[in-house]
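Me: I would like to go through this entry feature by feature. Please give the general idea each time, then the case here.

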Amino acid sequence: MQLTSKQSIASALAMASCSLLSQQASAQEPVPANDDWKVDAAIMYYGEQDRVQAVEAIGNVQKAFGEDSLLDMKIVVDSLTGASASGAVAQSISQTFTRPSGKGEYTVDPGETPLDDTFQDTRVQLSANWQEILNPDWTVNLGVYGSKEYDYLSLGLNAGVERSFNKNNTTLALSGAYTNDTVDPVGGRPVALSEMVFRGDYDGDDAFQAAFDATRLDGDDTKQTADVMLGVTQILNRNWLMQANYGFSSVSGYMTDPYKILSMVDGNGESHGYRYENRPDSRTKHSVFLLAKGALDSGVIDFSYRYNTDDWDIQAHTLETHYRYYFTPSLYGQLHLRYYQQQAADFYQPFLRTEVALPEYASADYRIGDMSAYTVGLKFGHRLSGGHELSYRIEYYQQNPENNGTDIPGELNNQDLFPSVKAIVAQISYSF
Amino acid sequence: MKISSFKQYIKLLFALSIISSLAGCSSLGVEPWEKDQFARADMALNNEKLDLALDDHIYFSKEGTSGGRSLAGGGCGCN
């Protein structure tokens, strides 16, 4: 339609605003949507300052079969690029490292935290879960999981059972999962605590390759994880419920990060080479999770606390809250706050000492060192007609690694050995 | 000997506390017609499951511990 006069512009605007108003009105009414299908999709960007950048797309489809059966399918695709901390310490001179593949080297400037810039991967994850309500008291579920990236494959099964009591005010849930992972690192798995070799120290490529190969183990390795979780959900009153979970996890197999190293440091804090890390091949973990969630007149609020402990001596406390406020019935804003604090694994050390005998296990990966972290996030959501919802969120995440009590020798006192990691998360989601 | 009896005492105390808290639960709760607030979509525990899954993946990749809210949902090489 072509507009030929001011009057027709005015009437077109009036029509447009009427249709917008009627859409608003319909959004507030319960819409008899097709309940059989529910689709949630989101795309997320995660970016660290000067380090890892990731984009993750996620899609979830839910299909109900009658009143009692529910199929849930999820696909996740993510892509990572950028640099991650290798574990080596900064020095006042430049440092050169052999790439994990053994092909090529990279150099880090004086005073800079060594980052391995070869970090690049794409991952695809698929999962499906079937839930069946057997009768008003019992619900069971069964699921499968698979995740594949270039150097890693994870396959898993999970199952759970729920029992309702007390007029459905109390629900007990027991679930279990078993996962088998296969690790096949680029360049092979390093021999535990073997020394990094450099091309410059050898006369020819063949001599270097032979020396590099001597630091590597053939073939892939595996890791098995068995998880059990026991949970209770309790309605407290008309507005509040609480949940308490206990989780147990037993992991055995290859848990070393094949791309992480430690600097060999002398009494003056000067580096004399690097060694590949080595972690124990078993880990037993426990977690306790407590959540309270309340319905408010114009919003929702939840608080949670999590305690983790394991036989690597890592202990962690996590406090988290989400507060949602409805500006109108179809528009909400939400605040997300999270605080995390972790105590280092007993074999964590920021560097090895040249004058001390090598330990059996060692890692300088700050992610298992002393650390605190916090997240501040904001989210806005629009409820659209037909039960659709569009939301977007932006979050700031900062990690503050700390010294675990290690004496810092000589020149290392001039370096930032525990630099903060700062990241932004941005996400758009759509549900229908 | 002393340690094992202490452990047994702790186990008994733990079992008693679970039983008593479950028994205590039976006095908590509301009648079926008072559950209007829990029928709200935003009161479901998995209401924002994509956000929770994405957050779990970030924290799993960047921190030394994970899980708690639900079964971790499988592994990846990102840690």
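Reply: Residues are numbered from 1 along each chain as its sequence is written, and chains are lettered from A and ligands numbered from 1 in the order in which they are written.

Me: What pLDDT does chain B average?

Reply: pLDDT is the predictor's confidence in each residue, from 0 to 100. Where it is low, the predicted coordinates should not be read in detail. Chain B averages 79, and 62% of its residues score at least 70. For the model, ipTM is 0.89 and pTM is 0.87.

Me: How many residues of chain B are in contact with chain A?

Reply: Two residues are in contact if their C-beta atoms, placed from the backbone, lie within 7 Å. Here 33 residues of chain B contact 60 residues of chain A. Helix α2 (residues 49–62) of chain B supplies the largest share of chain B's side, six residues; helices are DSSP runs of H or I with at least four residues, strands runs of E with at least two, numbered from the N terminus.

Me: Which strands of chain A pair with β8(A)?

Reply: Two strands pair if DSSP finds at least two bridges between them. Strand β3 (residues 69–81) of chain A pairs antiparallel with β8(A) (residues 121–133) over 12 bridges, and Leu80(A) stands opposite Asp121(A). Strand β9 (residues 138–149) of chain A also runs antiparallel to β8(A), joined by 10 bridges. In that pair Leu126(A) faces Gly146(A), and four residues lie between the two strands of this hairpin.

How values were computed: This is a predicted model: local features need pLDDT of at least 70, side-chain atom pairs count only at pLDDT 80 or more; totals for chains, interfaces and linings use all residues.
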